Amino acid sequence: MSLDLALLCTHTPRMCHRDRVAPFQQPLVKAMDTASEQLHRVNPDVVVLISCHWMSTFDHYVDATPVHQAVLTAEECPDMISQVPYRYRGDKELGESLAEAGRASGIPVKPFDDPAYVWDYGTVVPLRYLDPREQISVISLSVCWSADLDESYRWGQAIGQTLQRSGRRAAFAASGALSHNLVRGPEQWPTTMEMALDQTFIDLLKQEKLEDARQMLPPFAQAAKVESGGRHVAVLLGVLSQYGPYNAELLGYAQSSGSGNPVMTFSRR
Ligand SMILES: [Fe+2]
């Protein structure tokens with residue numbers, strides 16, 4: 001039926017367990033809880049989530065498995081994310097439609113159905129906040145490293161068009177940071193210049209200046225080492241280009257090991 005909410009959200013691994021989050025990241029907890037309230041208010045059938053930590057090399061993948069159930073120990077940080085169980089319904093039909101729409105746009109997108117596939121923490125962590133009771137179906141997407149920002153944007157457009165035309169109420173979430181020049185020390189902020197770039201980019205999104213944001217993204221991604229080279233953001237911009245007028249809210253922004261992590265929602269106006 002429609003795409004009813006879009007989100008840019010954080011997945012910092014130190015947030016996996018709510019009861020262990022450090023004080024400096026509490027603003028992100030609050031922001032994710034507010035995003036969750038907004039998500040449940042629009043009551044979608046499905047959340048389509050692209051994660052910077054699911055990196056595919058040549059093709060874009062769509063996890064169209066009907067039930068996503070596993071126990072995650074994150075290879076990057078098995079001390080922080082250990083034996084975390086999850087179970088969400090999937091949406092095979094819509095997942096296959098998304099892949100088909102990507103291929104129709106000339107983009108190599110492959111769906112798969114494999115109950116043995118275990119999600120990355122960039123998918124699991126935000127969902128633990130956005131939908132802690134595991135009520136909403138999920139389709140997860142990879143970021144593809146052979147895709148440049150333009151292809152990622154066009155993939156986002158195909159996703160946005162498909163969700164608008166689907167028989168579902170859908171939400172789209174991009175899981176990742178903006179500036180991402182990582183350093184040791186979880187409480188470290190990005191540099192002043194990186195935070196200024198983050199803020200400028202966020203302002204363009206808030207002002208619905210999507211074309212300006214698209215123009216800014218390649219040099220921004222290079223200068224501030226935006227997570228996944230900015231691909232998750234390019235996909236989000238493609239989705240938003242099909243969305244129509246929206247109200248954007250910056251619900252929170254905090255640091256994690258030198259990265260800048262906004263939580264933003266884009267609700268239909
Ligand atoms: Fe990350």
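Me: Which residue in strand 10 stands opposite Ala6?

Reply: The residue opposite Ala6 is Phe266 in strand 10. The model is a predicted one, in which local features need pLDDT of at least 70 and side-chain atom pairs pLDDT 80 or more, while totals for chains, interfaces and linings use all residues. Residues are numbered from 1 along each chain as its sequence is written, and side-chain values use heavy atoms, with hydrogens and water left out.

Me: How many bridges join strand 9 to strand 10, and in which sense?

Reply: Strand 9 (residues 246-256) pairs with strand 10 in the antiparallel sense over ten bridges.

Me: Why is strand 10 described as largely enclosed?

Reply: Strand 10 (residues 259-268) has ten residues, and eight of them are buried, so the rest of the structure largely encloses it. Buried means under 20% relative accessible area, exposed over 50%, and partly exposed in between, with a 1.4 Å probe and protein chains only.

Me: Why is Leu3 called buried?

Reply: Leu3, which is found in strand 1, has 0% relative accessibility and therefore counts as buried. Leaving aside neighbours within four places in sequence, Leu3 is in contact (heavy atoms within 4.5 Å) with residues including Leu163, Phe172, Val239 and Tyr243. The C-alpha atoms of Leu3 and Tyr243 are separated by 7.2 Å, although the two residues are 240 apart along the chain.

Me: Is Asp4 buried or exposed, and what does it touch?

Reply: Asp4, also in strand 1, has 11% relative accessibility and so counts as buried. Not counting residues up to four places away in sequence, Asp4 touches Val42, Arg169, Ala170, Tyr243 and Arg268.

Me: Which residues are the protein donors of the iron ion, and at what distances do they lie?

Reply: Donors are N, O and S atoms within 2.8 Å of the metal (3.2 Å for Na, K and Ca); water is not among the atoms, so sites may look incomplete. His11 (NE2), His53 (NE2) and Glu227 (OE) lie 2.0 to 2.1 Å from the iron ion. In sequence these donor residues are spaced H-x41-H-x173-E. His11 belongs to the loop between strand 1 (2-9) and helix 1 (26-42), and His53 to strand 2 (residues 46-56), 42 residues apart. With a relative accessible area of 5%, His11 is buried.

Me: How do you know that the length of helix 2 agrees with expectation?

Reply: The expected span is 1.5 Å times one less than the number of residues. For the 13 residues of helix 2 (residues 92-104) this gives 18 Å, and the end C-alpha atoms are 18 Å apart, so the two agree.

Me: Why are the buried residues of helix 2 said to line one face?

Reply: The buried residues of helix 2 include Leu94, Leu98 and Ala101. Seen down the helix axis, the buried residues fall within an arc of 160°, so they line one face; the arc is that of the directions from the axis to the C-beta atoms. The face turned away from the buried side carries the exposed residues Glu93, Glu100 and Ala104.

Me: What makes Asp91 and Arg168 a salt bridge?

Reply: A salt bridge is a side-chain nitrogen of Lys or Arg within 4 Å of a carboxyl oxygen of Asp or Glu. The side chains of Asp91 and Arg168 meet at 2.6 Å, N to O. Asp91 lies in the loop between strand 5 (84-89) and helix 2, and Arg168 in the loop between helix 4 and strand 8 (169-175), so the pair ties together parts 77 residues apart in sequence.

Me: At what distance does Arg168 meet Glu93?

Reply: The side chains of Arg168 and Glu93 form a salt bridge at 3.5 Å, N to O. Arg168, at 18% relative accessibility, counts as buried, whereas Glu93 is exposed, with a relative accessible area of 56%.

Technical notes. Helices (H or I, at least four residues) and strands (E, at least two) are DSSP runs, numbered from the N terminus. Two strands pair if DSSP finds at least two bridges between them.
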